[in-house]
Amino acid sequence: MTPSHPTAAPGPGAAPVKAGGRTRRRRPARAWLGALPLLVFAGLCFGLPAGALLYGAITRTDPVAGTTEFTGEHLQRSLQGPYLTSLTGSVELSALTAAIATVFGVLIAQAVVTSRRGALRGAVLTASGVLANFGGIPLAFAFVATLGISGVVTQLGHLDALGWNLYSFTGLTVIYLYFLIPLMVIVVVPALDGLRPQWREAARNTGATTWQFWRHVGLPVLAPSLLGGFVLLFGSAFAAHATAAALVGGSVPLVTLKIADALSGNVLVGQENVALALSLDMIVIAGLVMAVYLPLQRRSSRWLH
Amino acid sequence: MAALTTAAPEALAPVKARRTRPRYWRGAVLAIAGLYFVTPLLSSFVFTVHVPNQGLTFEAYSGILSADGFTESLFLSLSLAAATIALALLLVVPALVAVRLGPPRLRAVVEVVCMLPLVVPPIALVTGIATVLRWGPDHFSRTPLYQTFLAVQNESFPVVLVLAYTVLALPFVHRSLDAGLRAVDVPTLVEAARNCGASRLQVIVGVILPNLRSSLAGASFLTLALVLGEYTVASLLGFRPFAVWIVTVSGAEARMSVAVSLLSLLITWALLLVLSRAGTGSATTAVPAAAPTPVPGKE
């Protein structure tokens, strides 16, 4: 798919300029119409909630007078006390799981890429595609049955006596890796494929050790892909809610759980706006993630293909 | 990276040693990974069929169909999925065709619009939606618009969930269809069909869509998997589709909730496997299409 991308992509863009200048000039008004339903839908169902979120996060309505004024109060409160703890908790969990998953994902991907058996590669890639899409409630319950209080592995290994607790930061880490590692494998296999054997041979022939090869050739070439993958995993773990909700309730401070609490009215009245402000914090962080990921993605694909 | 450091000294060793060495770390890595990924599935199964002090029983599975609320919630999820797939395809297909016929700037606009939901996690989207829904009783209770607010939140078929899921599915659907359309020379096909006297609708239904069969299947499967597993939006808006039902039933029937999780997992996997085999017979189109997108759907 990737090789066809650069060759095919200029087609629609370049060809009409030369050949179809006339057609393009005749049709833009109608062409817009085809995209109109999508744009209207996005404006209504995505733009409106996003706008409401932003507006609610930065305004305060006086319940008595009914007046509305702009304020930074909610945002400020969302960055204090328990809310700040939940934000840092989420960031810590996401960074830790993303880092571990990056390392293991790369090791598995490298094992698959260097393997000479095509069947193994196909099986691992298909399994990764499937596992990376696995999350939410079923994942939580599968782990409850495995490592929960009366889970099979917990009982067999008497893990509870060793102080094991699935409903904790460590437990969540173990669970999140279940969908993050396969995601990393999918992301990084094309990059590892792009490392040409010739580079390695060239390095060896000029007397480089394996370590030197990785230090000066392999890792620098892979760096954008690895960082891009890490950032993607971070974003994925950061936005995760259902698994944690089904599992830990409120015992691990995570921003998604705090928002859900505030929304379902489990906190003091008047906290809805803090939920909106927290959501805004999340969007800012997710936006940063994407802002880092997309250029890296483009850059690594330029290097490796 | 441990493998690299252990591999370093062997660079000086003879060629023969190099061939055998990597096999150990490869085998070890794959064995550990296999253990980690298979154990939860196996123990889930054991958990559901083995009751301590009672031995083997399949009650957890046989009781599912008669369980309170199971059929309703599954039916709700499936109909939501069907509606979401229909709406998403109806919106994205014409837009992507238009992008290829219209001004180049339209392409960037459509792409940004479809990718924006990646930046907004589902939980943030649902806070926004909840805020908008609260405007109904607050501001519009005496206007005809209020009826719309009520209709959208109808218990038996919450349209608001279809709308939210369509937003969440846009990046998947866009990516899958865009990849499919890349292999199709849309302007030429459209021009040829128009010259033969086909109407605009005929062009899309008779010429473009058959060329997109595998990406349409891919987009539909991914959307189906997303809707069947979705919990965050539905639970926070107070509806009870499949994933929410699993959580409600887990309190009283732990075994059954695990059994249903396992089954829903296997069904989703079967769907995704079909997807990766579907169409032009290449796992290469399906896997990358599915790959970077799980970000928003992931919960």
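A: Let me start with a word we will need, because a residue is called buried if 20 or more other C-beta atoms lie within 10 Å of its own, exposed if 12 or fewer, and partly exposed in between, with C-beta atoms placed from the backbone. This is a predicted model, in which local features need pLDDT of at least 70, side-chain atom pairs count only at pLDDT 80 or more, and totals for chains, interfaces and linings use all residues. Residues are numbered from 1 along each chain as its sequence is written, and chains are lettered from A and ligands numbered from 1 in the order in which they are written.

Q: OK, so is Ile246(B) buried or exposed?
A: Ile246(B) is buried, because 26 other C-beta atoms lie within 10 Å. Ile246(B) sits in helix α13 (residues 242-250) of chain B, where helices (H or I, at least four residues) and strands (E, at least two) are DSSP runs, numbered from the N terminus.

Q: And which residues is Ile246(B) in contact with, apart from its neighbours within four places in sequence?
A: Two residues are in contact if their C-beta atoms, placed from the backbone, lie within 7 Å. Leaving those neighbours aside, Ile246(B) has contacts with Ile137(A) and Phe141(A), and also with Ser257(B), Val260(B) and Ser261(B).

Q: How many residues does each chain bring to the contact between A and B?
A: Chain A gives 87 residues and chain B gives 91 residues. On the chain A side, helix α4 (residues 28-58) of chain A supplies the largest share, 18 residues. That side of chain A divides into 58 nonpolar, 28 polar and 1 charged, where Ala, Val, Leu, Ile, Met, Phe, Trp, Tyr, Cys and Pro count as nonpolar, Asp, Glu, Lys and Arg as charged, and the others, Gly among them, as polar.

Q: Switching topic, what is chain A like on its own?
A: Chain A has 15 helices and 2 strands, and 46% of its 305 residues are buried. An automatic or database domain assignment, which is where domain bounds come from, divides chain A into domain 1 (18-71) and domain 2 (74-304). Between them, 6 residues of domain 1 of chain A are in contact with 7 residues of domain 2 of chain A.

Q: How is chain B divided, then?
A: Chain B is split into domain 1 (2-57) and domain 2 (66-297), with 4 residues of domain 1 of chain B in contact with 4 residues of domain 2 of chain B.

Q: Which residues of chain B does UniProt list for "transmembrane region"?
A: An unreviewed UniProt entry lists residues 28-49, 74-97, 109-136, 156-173, 216-234 and 254-275 of chain B; the positions are given in the numbering used here, feature names are shortened, and annotations may be inferred rather than shown by experiment. In the model, residues 74-97 of chain B are 100% helix and 0% strand, with the end C-alpha atoms 34 Å apart.
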